[in-house]
Every structure is written in structure tokens, then in C-alpha cells.
Amino acid sequence: MGLKYLFKEAKYYKELDGGLKRVIAKFMLTRTPLKRIVNTPIYNKIYANVIRKKANKIKPYMLTIEDTSICNARCLMCPYTSMKRAKKIMTEEIFKKVINTILKKEKIKYVKFTGLGDPLCDKNLEKRIDYINKNYDTRVVLFTNGGLLTKERTDKLLKTNLFKINFSVNGVGEEYKKNMGLEYNKTIENIEYFLKRKKELGKKYPLINLSCLILNEKQKKDFDKFKGEWISKVDSITPCIPSNWSGKVDEKMAKQAFRGKTWACISLWKELFVNVEGDVVLCHIDYECDKKFGNLNKDSYETIEKNLNETKAQHLNGQFIPKACQNCVSSFDTSVDWWGDIG
């Protein structure tokens with residue numbers, strides 16, 4: 001994997017989370033021989049106790065907001081083209097209601113702009129980032145494919161106090177175009193300009209992460225080469241496995257690390273997901289938003305919290321009632337996600 005890469009990633013996660021305990025624990029239990037002990041009887045006994053203790057303490061510290069459900073890409077591994085939900089941009093009224101309600105109720109460390117759409121499709125994005133930074137002490141994170149990152153948008157984004165930007169670069173060259181339906185050279189040109197302007201302005205932030213889904217062996221080799229070329233330019237490069245979107249896309253594309261055991265999903269505790277309509281929903285995997293806990297523009301936060309707590313209790317009892325939870329390939333992380341510092 002390379003020491004240079006490991007040290008760079010350690011520095012990045014320390015900056016991101018303020019500590020490395022959870023990252024190290026997860027690395028040890030997924031990438032080393034210690035993986036063999038996961039979900040053994042003794043492991044399960046200890047881990048269940050850890051979950052019970054932490055579940056009573058953790059409050060949401062991340063907010064994911066889908067400011068738009070419109071996307072410029074047509075990714076092979078994404079259900080966007082078959083999504084039945086309305087493709088639109090969040091209204092200003094709903095946006096401010098979401099931000100003002102949640103950030104006054106919870107100690108939110110990170111507000112993440114992401115969802116089934118690409119945030120750069122929202123022409124009000126920079127104003128919305130400014131609104132958050134002006135009124136609240138929190139870090140704003142942006143996830144984008146970078147295809148719409150014009151020079152003008154770059155300059156606007158670099159005038160905000162954006163903490164981190166994640167560029168999804170899923171493939172190299174023709175593989176990228178096949179995977180995402182976008183032009184690889186144009187996206188790389190956009191990212192390089194962003195890096196250039198950030199350096200010219202002498203800015204430490206935003207941190208820059210490149211995430212890359214790996215769908216086959218060829219793409220794994222391409223990623224290793226790509227990583228070597230980019231590791232000195234950005235703060236982090238993350239290889240990812242694709243999701244099966246709760247069984248709604250080809251499951252062969254998504255590989256589970258641990259089988260036979262699903263634990264309570266920590267996302268229910270640490271993160272709130274709000275879609276473009278202002279609904280507090282299960283998570284991004286439930287892309288049609290079949291499970292809603294309430295709408296922030298219509299329901300009280302107390303009602304939403306009560307509904308969310310019912311699903312948390314079900315998870316703790318091993319009852320994964322929402323359909324999205326029953327078939328979620330991301331559930332492999334539940335076997336290790338509760339270790340280390342959270343929140």
C-alpha cells in the first residue's frame with residue numbers, strides 16, 4: 001500500500017476527525033489478520049456491550065442535506081436514471097428551515113452537501129454555504145463529480161469557508177466515461193484548476209479528497225497508477241466499493257467484507273439525512289426515500305426524533321424492519337463501525 005500513502009491518509013483523517021482511534025480500529029479489523037476475529041462469539045459479546053453503552057450517548061453530529069436531486073452524470077453504479085422521485089432543487093424556504101431547525105437542536109460538526117443529485121447543479125450552492133458559515137460554527141463538506149466545476153464556480157467556492165470537497169472520479173480515461181457518462185479530461189482539467197487556484201490563494205482549506213469506485217480488476221490497476229500520480233497533489237485518495245443500493249442494483253458489483261451478521265447501523269445515531277423536500281429520511285441508500293421520519297417544514301423536531309428513535313430501538317433489538325436495511329450491502333461496516341471515538 002505504501003508508507004507515503006498511509007502517512008498521508010493518517011494526516012488527513014486526523015485533520016478530519018480530530019483523532020485516529022476509530023480509523024485505526026477499522027483498518028485493523030478489515031485489512032489485517034485480525035479480520036478473522038470479527039463476528040466470532042467472544043467478539044460479538046464484547047461488541048454488543050460496546051454498542052449498548054455508546055447508543056445511549058451518541059447524538060447526531062453530521063447533517064447530510066440533498067440541496068438538489070438533479071445530476072449531470074449518468075453513473076453506471078447509481079440508480080439516478082431509474083429514480084422516481086422528483087428531480088428538483090431545494091427551495092430557499094426549506095433549506096433555511098432545515099438548517100435553522102437542526103443546527104439549533106443538535107451539535108452538528110459537519111454539514112454535507114450530497115444526495116442523488118450533484119450539488120453543483122444548485123446555482124445557489126455558494127450562497128447556502130455562506131449562510132451556514134455566517135450563522136453557525138460548523139464545517140461544510142461538498143461531494144461532487146466535478147463535471148460542472150467551471151472556473152467561475154471554482155472562484156466562488158474558494159471564496160467560501162468550505163472545509164472539504166470530495167471529487168468522485170470513478171475510473172480513468174474511457175473507463176471513466178463508461179462509468180459516469182462524463183468526459184475524463186474535462187473533469188481532470190476542472191480539478192487541476194481548482195488545485196491551482198487554491199494554491200495561488202494560499203488557502204489551507206478546503207481539504208481535497210478524491211474517491212474512486214473500483215468495479216473490476218482493470219480499474220483496480222488503474223487506481224493504483226492514478227493514486228501514484230495524485231497522492232502528492234491532494235489530501236486524500238479513497239478507493240471505494242460500490243453499493244447494491246439495498247438490493248436494487250446488480251449485487252455482484254458490491255462485495256461484503258463480513259457475512260452472516262448485521263448490527264445496528266451507526267448512521268442512525270451519528271447522522272441526519274434530509275432530502276430535497278425537507279424529509280428526514282433513513283439514509284442515502286434508501287434513494288427513493290421510502291422510509292421517512294417526518295418533514296421539517298411540517299412536523300415538529302420532537303415528532304421526527306421520536307420516529308427516528310423507534311427505528312434505532314428496532315436496530316438494537318436486531319429488527320431491521322425498513323426494507324432498505326434488510327438488503328443493504330453497506331451493512332458489513334456495522335460489524336466494526338462502533339469502535340473508537342464517535343462524535
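Start by selecting helices α4 and α5: their angle falls under 35 degrees, so the two count as roughly parallel to each other. (On that scale, over 145 is roughly antiparallel, 65 to 115 roughly perpendicular, and the rest oblique.) This is a predicted model, in which local features need pLDDT of at least 70 and side-chain atom pairs count only at pLDDT 80 or more, while totals for chains, interfaces and linings use all residues. Residues are numbered from 1 along each chain as its sequence is written, and side-chain values use heavy atoms, with hydrogens and water left out.

**Stop 1: the helix pair**

Select 92-105 for α4 and 125-135 for α5; they pack at about 25 degrees, with axes 11 Å apart. Helices here are DSSP runs (H or I, at least four residues), strands are E runs of at least two, and both are numbered from the N terminus. The axes are lines fitted to C-alpha atoms, for helices over the stretch in contact, and angles run from 0 to 180 degrees between N-to-C directions.

Which residues of α4 meet α5? Show E92, F95, K96, I99, N100 and L103 on the α4 side, and R128, Y131 and I132 on the α5 side; contact means heavy atoms within 4.5 Å. By class, this contact has 5 nonpolar, 1 polar and 3 charged residues. For the classes, Ala, Val, Leu, Ile, Met, Phe, Trp, Tyr, Cys and Pro are nonpolar, Asp, Glu, Lys and Arg are charged, and the others, Gly among them, are polar.

**Stop 2: N133**

Stay in helix α5 and click N133. Leaving aside neighbours within four places in sequence, N133 touches T138, V140, N161 and L162.

**Stop 3**

Now select K11, K198, K204, L207 and D235, the closest to the centre of the second largest pocket among its 15 lining residues. The pocket holds about 340 Å³ of space. On a 1 Å grid over the protein atoms alone, a pocket is an open set of points with protein on both sides within 12 Å along at least five of seven lines; a cavity is a set where a 1.4 Å probe fits but cannot get out, and lining residues have an atom within 4 Å of a point. Points are joined across faces, edges and corners, and a volume is the space filled by probe spheres set on them.

Colour α1 (3-17), α8 (184-200) and β5 (207-213), each of which supplies at least two lining residues. The largest share, 5 residues, comes from α1. By class, the lining has 5 nonpolar, 1 polar and 9 charged residues.

While there, find P206 in the loop between α8 and β5. The peptide bond from Y205 to P206 is cis, with omega near 5 degrees.

**Stop 4: the cavities**

How many cavities of 30 Å³ or more does the structure hold? There are 3. For the largest, about 110 Å³, select E66, G115, V281, C283 and H284, which lie nearest its centre.

The second largest cavity is about 70 Å³, and its lining includes V169, C212 and F226. Here α9 (217-230) gives the largest share, 4 residues.

**Last stop: N39**

Finish in the loop between α2 (21-31) and α3 (41-55), at N39. N39 has a positive phi of about 70 degrees although it is not a glycine.
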